[in-house]
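Open the model in your viewer and keep the selection tool at hand.

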Amino acid sequence: MDIKISASILSADLLHLEDEVRRVEAAGTDMLHYDVMDSVFVPNISFGLPVLQAVSGATDLFLDVHLMMRDPLRYIQDFAKAGADMITFHLESASDPFQTIAAIHDCGLKAGIALKPATPARAVLPFLDDVENILVMTVEPGFGGQRYLHEMDQKIARIRSLLEGRRVYLQVDGGINGETTAEAVRAGADLLVAGSYLFGMDDMGKGIAEMRAAAGRTS
Ligand code: DX5
Ligand code: ZN
């Protein structure tokens, strides 16, 4: 299966962010994953608009923005202006999903919906024809470096079958590494976010190669 890999800079060495962005470019990832946390929707705070603007000004990498925040609709235009290419927000957040998807599209960006582990697959049903990405969280959102929740495999498989061949990314985020990649891809994922695994490698390119090889073994 043709998979895409998105490196989550939550696990980057933030004091040397430019070097880390160069490392991601050199490693041959497909996207850069940018996690926004607001301390309300998740019990953590990451980074926001100014850092995204700095990153987008410094790279041509596709910027895959994951909003873990309450009421994301208020901030769609700001994240678009700061350089996002795709914005994925949580169905459990307080904004109306249809309005939020429309706002993202109005800015000319790809739109995604994200599901926390407790949210069932059927929650995506109303949106299948309206989004470019569906993100199944494979950990509780909020922190990098957690273990992949194997019980999410069924949800991934269910959503893959609901998609019925539609060209929508099925993204997984949390606990993805050289081993869990195979499991997630076998279940149906095709866009893999990896943070601590990739940034923890001396040679990030090796990590990408491991993930692509693991995905290849599933077909
Ligand atoms: C977690 C974030 C993830 C995080 C993944 O809430 O959404 O993107 O960076 O980190 P790893 O790959 O270390 O599990
Ligand atoms: Zn994320």
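## Stop 1: a residue in strand 3

Select leucine 63 to begin: with a relative accessible area of 2%, leucine 63 is buried. The model you are looking at is predicted. Leucine 63 belongs to strand 3.

Now show what surrounds the residue. Setting aside residues up to four places away in sequence, leucine 63 touches Leu32, Leu52, Val55 and Ser56, and also Gly83, Ala84, Asp85 and Met86. For a distance across the model, pick the C-alpha atoms of leucine 63 and lysine 206: they are 143 residues apart along the chain and separated by 22 Å.

## Stop 2: a tyrosine in a loop

Move to tyrosine 148, in the loop between strand 6 (133–137) and helix 5 (153–163). Is tyrosine 148 buried or exposed? Its relative accessible area is 6%, and the cut-off for buried is under 20%, so tyrosine 148 counts as buried.

Display the contacts of tyrosine 148, leaving out neighbours within four places in sequence. The list holds Thr138, Val139, Asp153, Ile156, Gly174, Gly175, Ile176, Thr180, Glu183 and Ala184. Then draw a distance from tyrosine 148 to valine 172: the two lie 24 residues apart in sequence, and their C-alpha atoms are 9.8 Å apart in space.

## Stop 3: an arginine in helix 1

Select residues 17–27, which make up helix 1, and find arginine 22 within them. At a relative accessible area of 31%, arginine 22 is partly exposed. Which residues does arginine 22 touch, not counting those up to four places away in sequence? They are Ala58 and Thr59.

A C-alpha distance from arginine 22 to alanine 123 gives 37 Å, for a separation of 101 residues along the chain.

## Stop 4: two positive phi angles

Serine 39 sits in the loop between strand 2 and helix 2 (49–58). Its phi is near 75°, a positive value in a residue other than glycine. Serine 39 is partly exposed, at 41% relative accessibility.

Next take aspartate 71, in the loop between strand 3 and helix 3 (76–81). Aspartate 71 is not a glycine, yet its phi is positive, at about 50°. Its relative accessible area of 25% makes aspartate 71 partly exposed.

## Stop 5: the whole protein

Clear the selection and colour by secondary structure. How many helices and strands are there in the protein? The protein has eight helices and eight strands. Its radius of gyration is 16 Å, close to the 17 Å that the globule rule gives for 219 residues, so the protein is as compact as a globular protein of that length. Taken along the principal axes, the box filled by the C-alpha atoms is roughly 40 × 40 × 30 Å.

Colouring by accessibility gives another view: buried residues are 53% of the 219. The accessible surface is about 9600 Å², and carbon and sulfur atoms hold 49% of that surface. Of the contacts with a separation of 6 or more, 65% are between residues 24 or more positions apart.

## Stop 6: the largest pocket

Rolling a probe the size of a water molecule over the atoms shows where empty space is left. The largest pocket holds about 300 Å³ of space. To see its lining, select Met1, Asp2, Lys4, Lys110, Glu132, Arg160, Gly165, Arg166, Arg167, Val168, Tyr169 and Asp190. By class, that lining consists of three nonpolar residues, one polar and eight charged.

## Stop 7: the second largest pocket

The second largest pocket has about 260 Å³ of space. Which of its 25 lining residues are closest to its centre? Select Gly144, Gly145, Asp173, Gly174 and Gly175. The elements that give two or more residues to this lining are strand 2 (31–37), strand 3 (62–68), strand 8 (191–194) and helix 7 (196–199).

Colour the lining of the second largest pocket by class to see eleven nonpolar, twelve polar and two charged residues.

How values were computed: Residues are numbered from 1 along each chain as its sequence is written. Chains are lettered from A and ligands numbered from 1 in the order in which they are written. This is a predicted model: local features need pLDDT of at least 70, side-chain atom pairs count only at pLDDT 80 or more; totals for chains, interfaces and linings use all residues. Side-chain values use heavy atoms; hydrogens and water are left out. On a 1 Å grid over the protein atoms alone, a cavity is a set of points where a 1.4 Å probe fits but cannot get out, and a pocket is an open set with protein on both sides within 12 Å along at least five of seven lines; lining residues have an atom within 4 Å of a point. Grid points are joined across faces, edges and corners, and a volume is the space filled by probe spheres set on the points. Ala, Val, Leu, Ile, Met, Phe, Trp, Tyr, Cys and Pro count as nonpolar, Asp, Glu, Lys and Arg as charged, and the others, Gly among them, as polar. Helices (H or I, at least four residues) and strands (E, at least two) are DSSP runs, numbered from the N terminus. The radius of gyration is taken over C-alpha atoms; the globule rule is 2.2 Å times the number of residues to the power 0.38. Buried means under 20% relative accessible area, exposed over 50%, partly exposed in between (1.4 Å probe, protein chains only). Contact means heavy atoms within 4.5 Å. Accessible areas come from the Shrake-Rupley method with a 1.4 Å probe; for residues, only the protein chains shown count as cover.
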